[in-house]
Structure formats: C-alpha cells, structure tokens
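I opened the model to look up a few points for my notebook. The entries follow in the order I took them.

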Amino acid sequence: MPYQTISVVGLGYIGLPTAAVFASRKKKVIGVDVNQHAVETINRGEIHIVEPDLDMVVHAAVVEGYLRATTVPEPAEAFLIAVPTPFKENHEPDLSYIETASKSIAPVLKKGDLVILESTSPVGATEQMAAWLAEARPDLTFPQTHGEASDIRVAHCPERVLPGHVLRELVQNDRVIGGMTPKCSEAAVALYKAFVEGDCVITNARTAEMCKLTENSFRDVNIAFANELSIICDKLDINVWELIRLANRHPRVNILQPGPGVGGHCIAVDPWFIVSKTPEQARLIRTAREVNDSKPELVIEKVKAEASRFKNPRIACFGLAFKPDIDDLRESPALEITKKLSQLFPDAVMAVEPNIEKLPRNLEKQISLVDVNNALEKADLAVLLVDHKEFKTINKEKLSRLIAIDTKGIW
Ligand code: SAJ
C-alpha cells in the first residue's frame, strides 16, 4: 500500500480533521503546526477548534498512536499543506503561509515523496509552491522541470467541506485532484482513496485551483443577487422574502436568501483571488463582493434610523455567529454589526448568542451577553442578525412590543 506515513502541515479547521480521518484509517500521521498550544492540545488527545465529533476522532487517533503533532516537520511519504491563505489590505492573496510551510518541509523531502497543496489558492499557487520547494532542494527534481520523471510529485487538491459537517463531507464529497502531471494526479488519488468515498476526479493543478474559487464565487454571486434584491425591495416597499418565495415557485429559479452580509473564511475571500488575477474580466465577481460587503453598513443605517425615535434606545442583537446554529464568530457580519452598534450606542447594546457561553474578551466591556427572554424584556429594538433555531420560535406577541429589524426574514 502506498503512503503509510502522512504529514499534515497546518492543523486548523481543515488540516486537523483531515489528519484525524487519515489516522482513523490506520495511517501514521504526523501533524505539524507552528502553534505550540495547538500541538500540545492535540497530543493530549484534545482539540483547539470547534467541529462536531472531531474531539472523539482526534482523541481515538492520538490514544491509538496513529496521530502525533509537532512543531518541526519530520520525514513522511506524503505531505499535505493546509495553511491559511488570507488576503492583504488591497485584496491581493497572501501566500506567505504556503511559502513558510513549503520551506519548512523542504529539508525532510526525499525521492518518491508527494506534496499536496490543500489550501484554497489563486491560480498558479501550486506552481509557485513547487518553485519554492525546488529552490530549497536543488538536489531533487520536480515536475515543473522534469515532468513525469520527477523525484517529487506535486498536486493541488482543494478541500470543499462545509463547516459543521466537515467529518461527513471529507469522506463523502467528490474530490478534485489537480496534479502538475498525470502521474502526480495518480499519486494523489492513491493517497485520498484511503478515506474518500466520493469520486476523485482528475484535472490539472490550475483547473483545480480555479475550480475551488469558482465554487465559492458562484455562491457569493448568488447571495449577492439575493442581497441586491433586498436593497431594491427596501426602496420599493416590497417584502423581499415573499418576493423570493414567489419567484422560487418557477421551476428554473432558485434564489438564495438575503442577510446582513456574507461571512466565514472562504466565500468572502476566495472571489478576490479571481479578481486579483483578472481584474479587467472579473467584473460580476467583484461587484458581487462589493454588494455583499455593503450589507452590514446598510443594516447599521437602518438601526440608526429606527433608534432615533428613542431618547436612550436599548438595542438587542440576536445572533453573532457567521451563520446559523454554529458558534464560529470569525469573519461574522453579525459580530461586526453588533460591535459597531455598541460604539454608536455605548452601554446600550445586548447580544443574544445561544451557541457561546462567553463573549470574546475584547467585547466583554461594551456588550452584555443575555438570553432571549432577557433581551426581549429589556430592549426597545430587536435586530435579528442570524437565523439560529432558537430565534425562529420566539413568541410573536413578545416581539410586537419592540421595533424589530429582521435581516433574515424569520420573524
Ligand atoms: N449566506 C447567505 N445567504 C444564503 C446562504 C449563505 O447570506 O442563502 C451567508 C451565510 O450566512 C454565511 C455565508 O453566506 O455568512 C457563507 O456561508 P455558507 O454556508 O454559504 O458557506 P461556508 O463559508 O460555511 O462554506 C463554504 C462552502 N462552499 C459552498 O457552498 C460553495 C463549503 O462547501 C466550502 O468548503 C467552504 O466555503 C470553504 O472552505 O471554502
């Protein structure tokens, strides 16, 4: 069997579940992360991120001896790089984590090894990674210069799992495999077949890079369409939720849901990677980003307008997470809106977030975390920012006492 020892570099939301799933298939997995705290937590059989069931899988993998974490890369047969690819101030992709990761594994590479870039990346990043590896190891040959005869195989295999369903989707989703050569692709398929039950579909590295960006841009553009409709309907005094429900009765129309903006770590980022490579051509994709990014400010304007009716308005924000029924507050438009409101209305903002026990430390002073009933009793204005299940069942009578601004159309 090929690839018995696998190194996963970057033990975050993608890397850790991937490492744990390989380990659950009895592969020897060496996890690498620069974060000492993450490494120690994992080696105790615990996890430092939130994802359903991941704690059990990691615990079993560590206890049974298949998964071990370290800050210093060690030799392995296959390396998976799953580090962040954020963008810089100007929306240009920041490949510095990929650069650091590839330079850190270069010293332990040997003939026959496979290196896979899993991080969502702009087109050309896999070739760039291979160039960094080749520069660090002139004694080895790479596909960009030696094609099928190369010592090292290189591929891009983007993850496409939905936060909250990562363990299931890792196994069941189809996987796009973009080798720098056909043999690189074959090698990567052999690796993923250890746990992937979906199809492993082969293409080249550039298409695989673009495919991942396309998936998330498709969703962003479609959400932007819904968000733009909500802005238009506000002007025309039409209920956008009813409008979308009616339009979606057409057999070939399926409009997504408007909201307070697009959050998360992927959909609000990845389209910019297309825009940065082809700024002249990617007009729709750029505009969609701008429409979605404009939503938080529009919500704030609406709250300000309603709040002006009160002398000392008390505002309750319902939901802080970046989407329903999760506790992930990173890159969340709901959190951004709540924070800005608390600056505009000092000591007047409450937050209801049933999925967390404590507010992030930097918000504890300016915002109070309360439960649903408390918020309904104390507030003059209720701003619904996330359609968590707990908010769908709120008694309409209790709401009728307040001014409600519902960005998700559930009240
Ligand atoms: N949203 C709306 N309206 C909708 C749907 C979503 O406003 O109708 C908002 C959500 O509230 C959230 C944001 O969009 O703020 C993104 O949420 P999401 O559920 O669409 O996606 P993510 O970011 O959790 O995961 C996406 C997924 N990509 C696609 O569905 C094309 C996932 O499969 C990817 O693996 C993931 O990005 C990633 O890691 O790239």
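I began with Glu297, which is partly exposed because its relative accessible area is 37%. My cut-offs here are under 20% relative accessible area for buried, over 50% for exposed and partly exposed in between, with a 1.4 Å probe and protein chains only. The model is predicted, so I kept its limits in view: local features need pLDDT of at least 70, side-chain atom pairs count only at pLDDT 80 or more, and totals for chains, interfaces and linings use all residues. Residues are numbered from 1 along each chain as its sequence is written, and side-chain values use heavy atoms, with hydrogens and water left out.

**Salt bridges**

Which side chain meets that of Glu297 in a salt bridge? I found Lys340, at 4.0 Å from N to O. The rule asks for a side-chain nitrogen of Lys or Arg within 4 Å of a carboxyl oxygen of Asp or Glu. The pair links distant parts of the chain: Lys340 is in helix α13 (residues 333–344), Glu297 is in helix α12, and they are 43 residues apart. I read Lys340 as partly exposed too, at 33% relative accessible area. Helices here are DSSP runs (H or I, at least four residues), as are strands (E, at least two), numbered from the N terminus.

Next I checked Lys302. Its salt bridge goes to Asp234, with the closest N and O atoms 3.1 Å apart. Lys302 lies in helix α12 (residues 283–307) and Asp234 in helix α9, so this pair ties together parts that are 68 residues apart in sequence. Lys302 is partly exposed at 38%. Asp234 is partly exposed at 48%.

Then I turned to Glu127 and Arg206. Their side chains meet in a salt bridge of 3.3 Å, N to O. Glu127 belongs to helix α5 (residues 125–136) and Arg206 to helix α9, 79 residues apart. Glu127 has 35% relative accessibility and counts as partly exposed. Arg206 is also partly exposed, at 43%.

I also noted a network of salt bridges that links Asp220, Arg289 and Asp293. How many salt bridges does the rule give? The count comes to 20.

**Sheet**

I traced the sheet next. It is open, has eight strands and runs β3-β2-β1-β4-β5-β6-β7-β8, with mixed pairing. Two strands pair if DSSP finds at least two bridges between them. β3 (67–70) and β8 (200–204) are the edge strands, each pairing on one side only. From one strand to the next, the twist averages 25°.

I looked at one pair in detail. β5 (residues 114–117) and β6 (residues 153–156) are parallel, over four bridges. Leu114 stands opposite Arg153 in β6. Helix α9 packs on the sheet and touches β6, β7 (175–179) and β8 (contact means heavy atoms within 4.5 Å). The direction of α9 makes about 115° with that of β8. Axes are lines fitted to C-alpha atoms, for helices over the stretch in contact, and angles run from 0 to 180 degrees between N-to-C directions.

**Helix α1**

Is α1 mostly covered or open? I found it mostly covered: nine of the 10 residues in α1 (residues 15–24) are buried. Among them are Leu16, Val21 and Phe22. Just after α1, Lys26 takes a positive phi of about 65°.

Last, I looked up Ile238. This residue sits in the loop between α9 (205–236) and α10 (240–247). Ile238 is partly exposed, at 43% relative accessibility.
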